[in-house]
Amino acid sequence: FVMAEAELTTPALRVIFARLDEQIRWYESHSVAHKRLYKLLKGMVIMAGALTPICAALHLSAAITGSLGVIAVVFESIQQLNQHHQNWLTYRSTGEALKHEKYLYLACAGPYAVADDAARLPLLAERMEQIIGQENSRWLSAQEHAHAHGQGGKRDGAGSAGAQPALVCRYAAPKEAPALPKGGGPPAAGG
């Protein structure tokens with residue numbers, strides 16, 4: 001759901017909703033990509049694993065039977081290295097949380113049911129950045145854990161998006177943005 005341009009009456013509202021919509025699209029598209037890769041790799045592992053005992057029972061060459069085992073290990077290793085399952089679930093959850101905030105804001109419900117309309121927009125920006133920052137922190141923590149245990153993993157868009165700055169209101173002192181991994185992350189607004 002994207003707001004019509006006519007409804008975006010202030011520059012701040014346009015900027016915040018542009019960032020929010022961009023982040024929702026990013027998390028949704030990357031969630032779908034990781035889901036597809038995870039299911040493809042797991043399907044290949046299952047097929048290779050299921051065919052291995054059949055080849056052995058049919059007394060096919062050891063090279064064929066052994067190759068199936070190697071294929072299963074390689075595909076499972078790729079899945080573990082890139083953390084497709086974890087990224088699928090995390091990105092899906094984050095995208096849904098961002099949509100939830102957007103719909104609460106548009107309905108003036110939940111934390112946005114405050115009497116002062118001027119307080120709603122900064123609250124949306126803060127909550128949106130908090131959701132994104134929490135996801136980045138979880139991702140960084142998972143990477144540190146994976147590297148401590150000899151596993152790899154990389155952030156989507158590494159090298160293309162760079163670090164993602166938080167929105168800063170030019171009328172107030174900027175709050176400290178959460179630290180992001182050097183590998184990148186969701187694109188910054190306009191990036």
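**Exercise 1. Work out which way α1 crosses α2, and how the two helices lie.**

Step 1: α1 makes a left-handed crossing with α2, meaning the near helix is turned anticlockwise from the far one by less than a right angle. Before going on, note that this is a predicted model, where local features need pLDDT of at least 70, side-chain atom pairs count only at pLDDT 80 or more, and totals for chains, interfaces and linings use all residues. Residues are numbered from 1 along each chain as its sequence is written, and side-chain values use heavy atoms, leaving out hydrogens and water.

Step 2: Find α1 at residues 11-57 and α2 at residues 62-82; they pack at about 160 degrees, with axes 8 Å apart. So α1 is roughly antiparallel to α2 (angles over 145 degrees count as such).

**Exercise 2. Sort the residues where α1 meets α2.**

Step 1: List the contact (heavy atoms within 4.5 Å). On α1 the residues include His34, Tyr38, Leu41 and Lys42, while those on α2 include Phe75, Glu76, Ile78 and Gln79.

Step 2: Sort them into 14 nonpolar, 6 polar and 2 charged. Here Ala, Val, Leu, Ile, Met, Phe, Trp, Tyr, Cys and Pro are nonpolar, Asp, Glu, Lys and Arg are charged, and the others, Gly among them, are polar.

**Exercise 3. Zoom out to the whole protein.**

Step 1: Count 4 helices and 0 strands (DSSP runs, H or I of at least four residues for helices, E of at least two for strands).

Step 2: Check burial: 33% of the 191 residues are buried (under 20% relative accessible area, with a 1.4 Å probe and protein chains only).

Note on methods:
Axes fitted to C-alpha atoms, helices over the stretch in contact; angles between N-to-C directions. Parallel < 35°, antiparallel > 145°, perpendicular 65-115°, else oblique. Buried < 20%, exposed > 50% of the residue type's maximum accessible area, 1.4 Å probe, protein only.
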